[in-house]
Each structure stands twice: as structure tokens, then as C-alpha cells.
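Please keep the sequence and the coordinates in view while reading.

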Amino acid sequence: MSTRTAVVTGASSGIGAATARRLAEAGFHVVLTARRAERLDALAAELTAAGHSVAVHALDVTDRAAVDAFAAGLDAHPPLHVLVNNAGGALGTDPVATADPADWRAMFEVNVLGVLNVTQALLPALSSSGDGTVVVMSSTAGLATYEGGGGYVAAKHGAHVIAETLRLELNGRPVRVIEIAPGMVKTDEFALTRFRGDADRAAAVYAGVAEPLTADDVADTVAWAVTRPAHVNVDLLVLRPRAQASNYKVHREQ
């Protein structure tokens, strides 16, 4: 696989960084993208020291001109076979009646339009490879709603619909579309960002849950899905910790 490239968006931390590590270990030349260049550089140094092939490109997926420029530069890399649309995130837990439209707009921009921008820009290369894979990192939030999650649910439902629609539209072309929908994943930043730096509220999300999913759990799933034989498409894979039966039902130890 050393002649195959995988692009991972949002690779500076959490699921994105873990996915980049797993794909590098699987033999891909991995192109790391995210807004925080210094974190990408640190991850690239780690992977390079381990003998993996890696490149770094600072990128804001909501900036279409920057995305197009990035896509044009991929000709310098081995053929593109995998795109992992991982960049995303949540802001706030306000009810619909009082939520800040700016938060909703920001979530829509990165979770929906970011996926659209990068996927559109890289589809020609993925198709010309003869064996392309688009991964959309959605969420169980995109499959079932909950109070206080309206904006994030709407955005992740948008990502879910992009994956479903794209799969229909690409039928007959050598590109498969895989959607990974994680449930409760404990990372260093997701909940902290959602609660605007409030560490106590962020910690409460996972309180009493013995083993929430980790970024490595999700990354392992992504790596498994994209390395199936080319004719095998994992349409939708919902991934939850054993303690979580649904968005609402979570076992918490006393």
C-alpha cells in the first residue's frame, strides 16, 4: 500500500490523529490536514520517526479556495485512494428556542459544507485511482435526536445524507462511500469544545461510564473498513461503547 495515499481531515487531534496513525501503520502515504499546523507537524514527526510516509497541509475545510488549491497539489503524491472526512465538531447544548444561530452556522459549515468541499474537490482523483473510498465521519447524533442537540444533530444528519446520496450518485463508478457513526467517544477536546472550555461540564458527559469509546477504537474501525476488498462497501457502521444502548440510555456506575 506504500503507493496509495489517504487524506485525513481534522487530523490534528482526537479521532483524526488516531486514524492517521492507523492508516500509516496500514501502509498508506498519509496526508494530514487541519487548521493547527503545529499539531500536524508534531504528528508528522512522530509518524516519520516510526518509518511511515506522511505529508502535512494546513487546511480549513470551510475555505473552498484553499481546498481547491490543496486538491491541485495532490498530484505530487502517490495516487489518492482514501479520503477520511473527519473534520467536525459541536458547539453548545442550547435548546432550539434560544440557540445562537452563529453556533448552528459554524457547525453546518464544518460538518456539512466541509465534507462537501473536500469530497467534491477530491472525487476526480479518487475516481481516477480505480479504487477510491470516501469516508464520512458522522455520528449517532445524525441518526437520532436529543434535547439540546438540535444544531449538532442537524449538521450530522446533513453529513449522513451526503453519504447516502453520494453512494447512490456514484453507483457504477469505482468509488465506495463509507459512513462511520460513533456514539460516545471520550477524547481530549470534543466535549471541552462543545462546552466552551468548561472542564467540569465536559467531564460530566462521561461520568460513571466505565469504558466510553476512545479515538483509537474509532480509528481501528475506519482502518478495517477502508482495507476491505474493493468490492465490499460498508455503507453505515454504528459504533457505541457497550455501556451505551442509545443516545439516551447509558449505563453509569455509581
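Helix α8 (residues 215-226) contains threonine 221; helices here are DSSP runs of H or I of at least four residues, strands are E runs of at least two, and both are numbered from the N terminus. The model is a predicted one, in which local features need pLDDT of at least 70 and side-chain atom pairs count only at pLDDT 80 or more, while totals for chains, interfaces and linings use all residues. Residues are numbered from 1 along each chain as its sequence is written, and side-chain values use heavy atoms, with hydrogens and water left out.

Threonine 221 counts as buried because its relative accessibility is 11%; buried means under 20% relative accessible area, exposed over 50%, and partly exposed in between, with a 1.4 Å probe and protein chains only. Apart from its neighbours within four places in sequence, threonine 221 is in contact (heavy atoms within 4.5 Å) with Ile180, Leu237 and Leu239.

Aspartate 220 forms a salt bridge with arginine 22, at 2.7 Å from N to O; the term denotes a side-chain nitrogen of Lys or Arg within 4 Å of a carboxyl oxygen of Asp or Glu. Because aspartate 220 lies in helix α8 and arginine 22 in helix α1 (residues 14-25), the pair ties together parts that are 198 residues apart in sequence. Aspartate 220 is partly exposed at 40% relative accessibility, and arginine 22 is partly exposed at 26%.

By this rule the count comes to eight salt bridges. In one of them, arginine 196 pairs with aspartate 103, the closest N and O atoms being 2.4 Å apart. Arginine 196 belongs to the loop between α6 (190-194) and α7 (199-204) and aspartate 103 to helix α4, so parts 93 residues apart in sequence are tied together. Arginine 196 is exposed at 52%, whereas aspartate 103 is buried at 11%. A network of salt bridges links Arg36, Arg39 and Glu189.

Where does the interior leave space? A search of the whole structure finds one cavity of 30 Å³ or more. A cavity is a set of points on a 1 Å grid over the protein atoms alone where a 1.4 Å probe fits but cannot get out, and lining residues have an atom within 4 Å of a point. The largest cavity has a volume of about 70 Å³, the volume being the space filled by probe spheres set on the points, which are joined across faces, edges and corners. Of its 13 lining residues, Leu91, Gly92, Asp94, Trp104 and Met107 are the closest to the centre.

How values were computed:
1 Å grid on protein atoms, 1.4 Å probe; cavity = no way out; pocket = protein on both sides within 12 Å on 5 of 7 lines; lining within 4 Å.
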